[in-house]
Amino acid sequence: MDNVETPATTPYDGCGRCLVGVRRLSRKNEATQSPEKQRDQVLAIVKANDAHVIAWADDWEVSGAMDPLKRPKLGPWLTDKMGPYDGIAGAAVDRIGRNVRDVLNTAYTIHERGQILLTADHVGVWDLDDENQETDLLVKALGAQMEHRATRRRSNDSKNSARSRGRVSAKPSYGYEYFRTNPKATVTEIRLRPKPTREIRKVAQRILSDQTGIITPNFEFKRLNRSGVLSPSDELALIYGREPKGTPWSENSLRRILLSKATLGYLIHDGEPVLDENGRPIKIAPELWDYATHLSLVEKLTPKKQKSIQPVGRANQGKALNSGHTFCGVCKYKVRASAQAGYQCTARHRGLAPYCKPSPSMKISMLDEEITKRFLAEYGHGQVMEKIYDPGTNYAAQIAELQASRARLRQDRQGGMYQDEDDYQWYVTEYSRMGEEIKELKKLPERPAGVRVIPTGETVAEQWERADNIPDRQEILSEFGVRVELYPRGTNRLVMTAVDPYASLELPEAA
């Protein structure tokens with residue numbers, strides 16, 4: 001938890017009363033004094049039993065339903081991964097756990113080791129050989145479990161009620177923020193946050209417009225980290241007035257955002273839109289992109305057994321500029337780059353090409369400088385064209401989705417549902433509505449998806465100068481499909497080839 005001070009500790013001295021202080025909270029709350037109260041309660045019970053605290057196992061934002069053995073801070077102590085200690089001390093039994101099984105399992109694990117268990121809601125050390133104390137522990141654990149279940153039930157009921165009225169009940173999705181008339185009021189408006197919206201739209205455009213296989217979620221999350229774009233968790237912290245922790249982007253988090261239907265402005269539950277009484281998704285916010293773009297992202301990011309488009313050149317993110325697309329001119333194997341040996345063909349030493357003699361090599365600075373000079377001389381004067389992905393109308397996908405929904409309704413009807421008069425009328429209305437919507441969509445002219453280019457007014461040389469780091473310059477080289485062949489001394493040592501990245505694209509007509 002932010003801004004929670006870890007109390008002082010004393011070294012382990014083998015006195016038999018060296019304890020680990022246990023504190024836990026399910027949710028962060030800057031206004032609560034719970035961390036401090038738990039500290040005071042633990043220190044008081046420790047002092048009353050002539051013990052001392054050698055370490056603190058503070059699990060913040062950890063549910064009481066989590067097994068204590070699996071908690072990030074307490075778990076390693078209980079599984080003997082943190083060094084010697086003589087037991088644990090908590091503010092109450094429910095700080096140990098809110099599940100009868102977990103509490104008893106933890107208590108008996110400690111008891112069987114001959115260690116100490118202290119809680120501030122019990123006088124003295126827990127003695128599980130005493131039937132009365134064993135029963136008291138069981139009652140406290142059962143009370144904690146019942147309270148946890150009641151709290152969870154109230155929370156679920158509140159969320160279900162909010163969803164039934166088309167209201168949000170969870171944190172905002174990436175790119176969005178909530179607005180309320182006062183801090184305790186319900187959400188009255190959901191708006192797009194300008195910077196995150198701009199960044200995630202840029203990511204989607206780059207991925208969809210890429211025709212080389214270079215720009216992927218893996219490539220993009222690294223670019224976002226290099227550019228200092230706040231990750232979803234840090235962006236959420238900023239919304240709620242907390243200090244960002246510098247949590248990096250990950251490929252999985254970026255992929256989830258790109259594929260989520262929350263980007264269409266829908267109210268989401270368990271990953272799917274909540275439907276209104278007419279079976280339509282409830283829309284609660286502006287969309288990040290349209291439905292056709294969403295379908296294009298799903299198609300592009302769905303793993304395929306065999307790629308239909310082979311990448312011209314993959315943007316390797318090594319420390320050497322030409323790492324990843326430099327090959328040996330003798331054996332044609334990829335050349336490796338290292339700070340000590342520079343670019344060097346190691347195929348002969350690895351037993352791949354015994355005939356590769358002499359194996360060519362060159363200093364990293366020399367090869368990179370020469371290829372940069374040649375690349376800019378040949379392509380630097382050209383204009384950079386921005387590729388814009390047009391998702392088209394994609395009515396066919398919408399028709400297929402409606403047909404699938406209608407088929408599910410028909411199967412439910414055949415299975416015995418919608419027999420009551422009211423349900424039957426709803427079924428007839430919905431089935432007819434879907435049929436009419438399918439007919440209307442079939443009448444509309446289909447516009448295929450495609451990539452178009454627009455001039456940026458910037459030259460490749462200017463783009464190269466602006467890209468002041470190796471990964472961004474590697475992306476430029478990879479977009480042009482740059483391939484370098486390195487030969488031994490005494491010949492034309494470097495041969496560079498490239499392809500026009502805009503050759504297959506339709507350029508705008510001159511005015």
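This is a predicted model: local features need pLDDT of at least 70, side-chain atom pairs count only at pLDDT 80 or more; totals for chains, interfaces and linings use all residues.
1. Overall count. Side chains of opposite charge can pair when their charged atoms come close. With a cut-off of 4 Å between a side-chain nitrogen of Lys or Arg and a carboxyl oxygen of Asp or Glu, the model contains 27 salt bridges. The points below take up some of these pairs, and then turn to R493.

2. A pair between two helices. R206 and E475 form a salt bridge through their side chains, with an N to O distance of 2.8 Å. R206 belongs to helix α6 (residues 194–209) and E475 to helix α15 (residues 470–479), so this pair ties together parts that lie 269 residues apart in sequence. E475 has a relative accessibility of 14% and is therefore buried, since the limit for that class is under 20%.

3. A pair within helix α9. The side chains of E251 and R255 also meet in a salt bridge, here at 3.3 Å from N to O. Both residues lie in helix α9 (residues 251–259); because they are four residues apart, about one helical turn separates them. E251 is partly exposed, at 25% relative accessibility. R255 is likewise partly exposed, with a relative accessible area of 25%.

4. A pair within helix α13. K439 and E436 are joined by a salt bridge of 3.9 Å, N to O. Their positions in helix α13 (residues 421–443) are three residues apart, which means that about one helical turn lies between them. E436 counts as partly exposed, its relative accessibility being 44%.

5. A network. Salt bridges also link D94, R95, R98 and E147 in a network. The reader may wish to locate these four residues together in the structure.

6. R493 sits in the loop that runs between β15 (483–486) and β16 (494–497).

7. The surroundings of R493. A polar atom of the R493 side chain lies 2.4 Å from the backbone oxygen of S361. With neighbours within four places in sequence left aside, R493 is in contact with S361 and M362, and also with E485, L486, Y487 and P488.

Notes: Residues are numbered from 1 along each chain as its sequence is written. Side-chain values use heavy atoms; hydrogens and water are left out. Buried means under 20% relative accessible area, exposed over 50%, partly exposed in between (1.4 Å probe, protein chains only). A polar contact is a pair of N or O atoms within 3.5 Å; within protein, one must be able to donate a hydrogen and the other to accept it, and residues adjacent in sequence count only if both atoms are side-chain atoms. Contact means heavy atoms within 4.5 Å.
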